[in-house]
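Work through the exercises below with the sequence and the model open side by side. Each task is followed by a stepwise solution.

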Amino acid sequence: MRPFHKEIQTVNTPLLLIDDNQVFLQTLARSLSRRGESVLTASCGDEALAHLEDSSPSRAVLDLNLAGDSGLQLLSEMLQRQPQLQVVMLTGYSSIATAVEAIKRGALNYLCKPVTATELLAAFGEPREEAPVESEVDTDATLSVRRLEWEHIQRVLQENEGNISATARALNMHRRTLQRKLQKKPARR
């Protein structure tokens with residue numbers, strides 16, 4: 001008879017976690033390991049690409065902002081090297097513009113921090129009825145002014161390919177003011 005914990009080990013290939021926040025990275029890796037996942041961790045793009053070459057993971061969780069580098073650029077490079085890779089984008093600074101761009105570039109899903117290991121694993125599988133990934137989208141909700149401002153800034157930032165100076169000029173805003181706004185957590189609604 002097979003032990004029960006074998007039932008929850010769904011894959012043989014490792015799951016690659018990429019985030020520059022070491023505390024978050026190690027905490028999430030421990031949580032996923034307890035659920036039977038084989039986990040690799042990387043704190044930068046070069047380390048992630050090295051794991052991709054050496055271990056051929058089938059799934060990856062990629063932070064949108066890697067110490068100032070764009071996770072979206074790394075997403076494209078990872079999918080060029082391994083087109084069958086399933087990638088879930090993760091960010092503490094979510095916006096509609098970055099979510100759309102991530103999906104356009106081939107991400108399987110897009111989640112906002114904080115996220116649990118259960119929510120993360122559900123993002124790779126079929127959507128569950130009680131999955132918060134689907135339930136967080138409320139199309140009837142009115143967005144606050146702060147959230148609308150955040151979404152507009154993110155859209156213009158995407159149009160300028162992440163260039164802060166060009167975005168500040170387009171928004172008729174001082175570069176430092178824009179940087180301060182980008183460092184703040186976005187309003188949830």
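**Exercise 1.** Which strands does helix α5 lie across, and at about what angle does it run to β3?

Solution. The model is predicted, so local features need pLDDT of at least 70 and side-chain atom pairs count only at pLDDT 80 or more, while totals for chains, interfaces and linings use all residues. Residues are numbered from 1 along each chain as its sequence is written, and side-chain values use heavy atoms, with hydrogens and water left out.
- Locate α5 at residues 117-124. Helices (H or I, at least four residues) and strands (E, at least two) are DSSP runs, numbered from the N terminus.
- Helix α5 lies across β1, β3, β6 and β7. Contact means heavy atoms within 4.5 Å.
- Its angle to β3 is about 120°. Axes are lines fitted to C-alpha atoms, for helices over the stretch in contact, and angles run from 0 to 180 degrees between N-to-C directions.
- Helix α3 (residues 71-81) lies across β1, β3 (59-63) and β6 (86-91), and runs at about 160° to β3.

**Exercise 2.** What is the strand order of the open sheet of five strands?

Solution. 
- The order is β2-β1-β3-β6-β7, and the pairing is parallel. Two strands pair if DSSP finds at least two bridges between them.
- β2 (39-42) and β7 (109-112) are the edge strands; each has a single partner, so one side of each lacks a neighbour in the sheet.
- On average, neighbouring strands of this sheet are turned by 20° against each other, direction ignored.

**Exercise 3.** Trace how β1 and β2 are joined, and state which side chains of β2 are buried.

Solution. 
- Strand β1 (residues 15-18) runs parallel to β2, and four bridges join them.
- L16 is opposite L40 in β2, and I18 has A42 as its bridge partner.
- From β1 the chain passes through helix α1 (residues 22-34) to β2 in a right-handed β-α-β crossover. Right-handed means that, with the strands pointing away from the viewer, the path from the first strand over the helix to the second runs clockwise.
- Buried means under 20% relative accessible area (1.4 Å probe, protein chains only).

**Exercise 4.** Which charged residues lie over the faces of F24 and F124?

Solution. 
- A charge sits over a ring if NZ of Lys or CZ of Arg is within 6 Å of the ring centre and within 35 degrees of the ring normal.
- For F24 the residue is K113, at 4.6 Å from the ring centre.
- For F124 the residue is R59, at 5.4 Å from the ring centre.

How values were computed
Buried means under 20% relative accessible area, exposed over 50%, partly exposed in between (1.4 Å probe, protein chains only).
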